[in-house]
Structure formats: structure tokens, C-alpha cells
Amino acid sequence: FTQIDIEASFVSSEDVYQAVEAVLVALWDEAGHTISAPFQRMGFDEAQERYGTDKPDLRYGYEIEDVTDVVARRGFRAFDDAVAAGGRVRGIRIQGGAALSRKQVDVLASLAKQSGAGGLATLKRKGDDLTGPLAKLEGMTAAAVGLDDGDLLVAAAGPDAVTSPALDAVRRGVIRALQPAARTQHAHVWIEDFPLLEREPDTERWVFAHHPFTAPRADQMQALRDGAYGALRAQHYDAVYNGVELGSGSIRINDAETQLTVLELMGVSRTEAERRFGFLLKALRSGAPPHGGFAVGFDRVAMLLAGGDSLRDVIAFPKTTAARALFEAAPCEIDPAELAELGITVQVK
């Protein structure tokens, strides 16, 4: 596993963006492709709303929309119950999607269920005919949902944490099935403004979305002190290419008091923090500069530029799926003398 790693002092995220973009532009040029900087930028919330993922493939359309007002409260119990519970109905209008067979639509529904959704409702238009479960809704018309002839609407209901991954999977399935022409061959985008904290599903306590050394946005320090944890955004950023994450980075906390505050959110008392991270806190109190970085996954970049489907295509001596290194003939039996030298005893049960 190889990285092009950037660690820098006295930088902001803008400095990191420029350095990484220069590296990626040069790499793509080396592979015979012309791309330009600066890359598009998109906030985490926008990416989730429009594409259901923080790794959107921007070569294609098929954006997710909120269709609650269009299809809810028309007598479809699954939708009505989800909305009553505080959720939404979200869907994708698929131009030309009516050409998908029943089997292909069933595959999309299966993808949604595998991702946690209760199901996938559809509305297909061919000429003036509407078919699918949503066609039976009270007062449903093609104009109401904005369907042109040959289009397909797919929709899922529930909280965003359910519908986002489900519709992301469906969108990727639609792209595989229809194989539309790409709007561009090289879609680089920075995803930024990630949540600093998220709720742990089992305990409902706040935990860090990335790691406890990622800095909150500079304009949100008061919100951190006030306990408005759900609104906090991190100085964390991902570089995404054609739906694949190329790498991640962040600006780190460089203030001891802020670091103590965020560690307390994890349940680490100040006494415990001083014991475990005293070396770091001492460095921060001594005047550690603003610092941040980024790591480009070089193997992944090589795979994408080579048109490979697996990292094994570009790693010199990849391990098998059973974690065996065939070139080195590992794992293998160890000489008992070597085990004795290390004080290791093997017990066979």
C-alpha cells in the first residue's frame, strides 16, 4: 500500500487543495489525459442530498430528488407512514428508464433492499400509459411527477440515513444497466464540510466521524462550546474521481483547549487525556503551528489510470483473497529454533 503523503505546517485547506491538484493534474498528464484545476467542490450535505453518497460519480446525471410533496399522502401506506415518522420520500427520475425490463427493475429494488430500504416503488411512463405501484395512487399523473414519455421514477421512503445509501446503490445500478454516455470522462471533485461528529447507533452518544484530531471549522468554535454538536462541520476533505475516493485529508487541531474539549466528547476525561495524550497537549501548548495534510492512494490512482478493476492489477506481488503471498510462499512453517529464540510456544488444540 503506497501513498503520496503531504504533511505541512502553516497551511489552510486551500493550500492543500492546490498542492494535491497539482499532483493529480501531473499524474493524469503522465498517463496521457488532460485535466485542469481547480476541481469542482461540493459540500458533504449537498453530495448526500443529490447523490446519496460522499463519493458521487459526476460523469452522469440521475440525481436524487425530494418527491414527498408529489407522491406522499396519496394513500400509499408505506410512504405515508414514513413521512408521519419524520422521514421523506426521495426518488430518481430516469430518462429512458422505461426501457428497463421487469427483471432489471427487480434488480434495482433488490439493491435498495440490500442497502437498508424497505423497498423501491416505481412509476413508468410509455406514451400516455402509467404503470407500476405508484400509478395506482390517488390523482397520480405524469405531469405531477414530471415524467416524459419513456421515463421511469424510482422512489424510496424513510429517514435520509436509509434512503441515501439505497438510492446511491440504485443510481449506480441504473448507470450499469443503461450505460448512458458520460458527460465527461474525468470528473474530479472535492467533497468538503464533513460532519465533525455523528451519533453512535447503539448508544446515541456523539463520536467522531473521522478522528479526534480533525479541526472543526474555524467559524464554529462557539457552536462547539455551546454543545451544538449536530451542526459542527470538520476541516476534512476528500478527493473523488469518477465515484472513487482518491484520498482524504484534514486540517488538525492546533489548540490544546479545543483538543481537550473534543476528547471529552469521546468520554475521555481531562485527567485521562493528560495521561494518554500529554505529549500532544504539551506540544500544542508550546505553540504548534496550524498544520494539515492529505494522502493520495497511489495504488488506486494507478489502477484507475490503467483501466483496471482491482488493486491486484497494479500491485507487484498482491496477496490472494486468502491473504497468502504466493511469491514469498507466505505464510509458511517456522523453524522451532526461531520460535524458541522469541519465547513463543505453539499450542495445537
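Where is Arg 73 found in the chain? In this predicted model, Arg 73 sits in the loop between α3 (68–71) and α4 (77–84). Its phi is near 60°, a positive value in a residue other than glycine. With a relative accessibility of 60%, Arg 73 counts as exposed, because the threshold for that label is over 50%. Gln 179 is not a glycine either, yet has a positive phi of about 45°. Its relative accessible area is 66%, and Gln 179 is therefore exposed.

Of its 349 residues, 41% count as buried. The chain exposes about 18,800 Å², and carbon and sulfur atoms supply 51% of that area. Among contacts between residues at least 6 apart in sequence, 67% join residues at least 24 apart. As for charge, there are 37 positive and 50 negative side chains, and the centres of the two sets lie 5 Å apart.

The interior comes next. In soluble globular proteins, nonpolar side chains tend to be buried together. Here, the largest nonpolar core has 22 residues. Those with the most contacts inside this core are Tyr 62, Ile 92, Ile 94, Leu 108, Leu 120, Val 154 and Val 170. Two or more residues each are given to this core by β4 (88–94), α5 (102–114), β7 (152–158) and α7 (160–178). The most come from α7, which gives six residues. Apart from this core lies another, of 19 residues, including Ile 6, Val 20, Ala 239 and Tyr 241.

Leaving out residues up to four places away in sequence, Ile 94 touches Tyr 62, Gly 150, Asp 151, Leu 152, Val 154, Val 174 and Leu 178. Several of these names return around Ala 98, which is found in the loop between β4 and α5. Beyond its neighbours within four places in sequence, Ala 98 is in contact with Lys 124, Arg 125, Lys 126, Gly 150, Asp 151 and Leu 152. Is Ala 98 buried or exposed? Its relative accessible area is 3%, and Ala 98 is buried because the limit for that label is under 20%.

Strand β11 (residues 236–241) gives another view of the interior. Six of its six residues are buried, so β11 is largely enclosed by the rest of the structure. In a regular strand the side chains alternate between the two faces of the sheet. In β11, His 236, Asp 238 and Val 240 point one way, while Tyr 237, Ala 239 and Tyr 241 point the other way. Two of the residues on the latter side, Ala 239 and Tyr 241, are among the members of the 19-residue core.

Which strands pair with β11? One partner is β8, which pairs with β11 in the antiparallel sense over five bridges. Within this pairing, Val 189 has Val 240 as its bridge partner. Another partner is β12 (residues 244–251), also antiparallel to β11, over six bridges. There, His 236 stands opposite Ser 250. The hairpin of β11 and β12 has two residues between the strands, and in it Asn 242 takes a positive phi near 50°.

Finally, two peptide bonds deserve a look. A cis peptide bond joins Ala 37 and Pro 38, with omega about 5°. Pro 38 is found in the loop between α1 (13–30) and β2 (40–43). Ala 330 and Pro 331 are also joined by a cis peptide bond, with omega about 0°. The loop that holds Pro 331 runs between α11 (298–306) and α12 (336–341).

Note on methods
Residues are numbered from 1 along each chain as its sequence is written. This is a predicted model: local features need pLDDT of at least 70, side-chain atom pairs count only at pLDDT 80 or more; totals for chains, interfaces and linings use all residues. Side-chain values use heavy atoms; hydrogens and water are left out. A nonpolar core is a set of buried Ala, Val, Leu, Ile, Met, Phe, Trp, Tyr and Cys residues joined through side-chain atoms within 4.5 Å. Buried means under 20% relative accessible area, exposed over 50%, partly exposed in between (1.4 Å probe, protein chains only). Helices (H or I, at least four residues) and strands (E, at least two) are DSSP runs, numbered from the N terminus. Contact means heavy atoms within 4.5 Å. Accessible areas come from the Shrake-Rupley method with a 1.4 Å probe; for residues, only the protein chains shown count as cover. Lys and Arg count as positive and Asp and Glu as negative; His and the chain ends are not counted. The place of a charge is taken as NZ of Lys, CZ of Arg, CG of Asp or CD of Glu. Two strands pair if DSSP finds at least two bridges between them.
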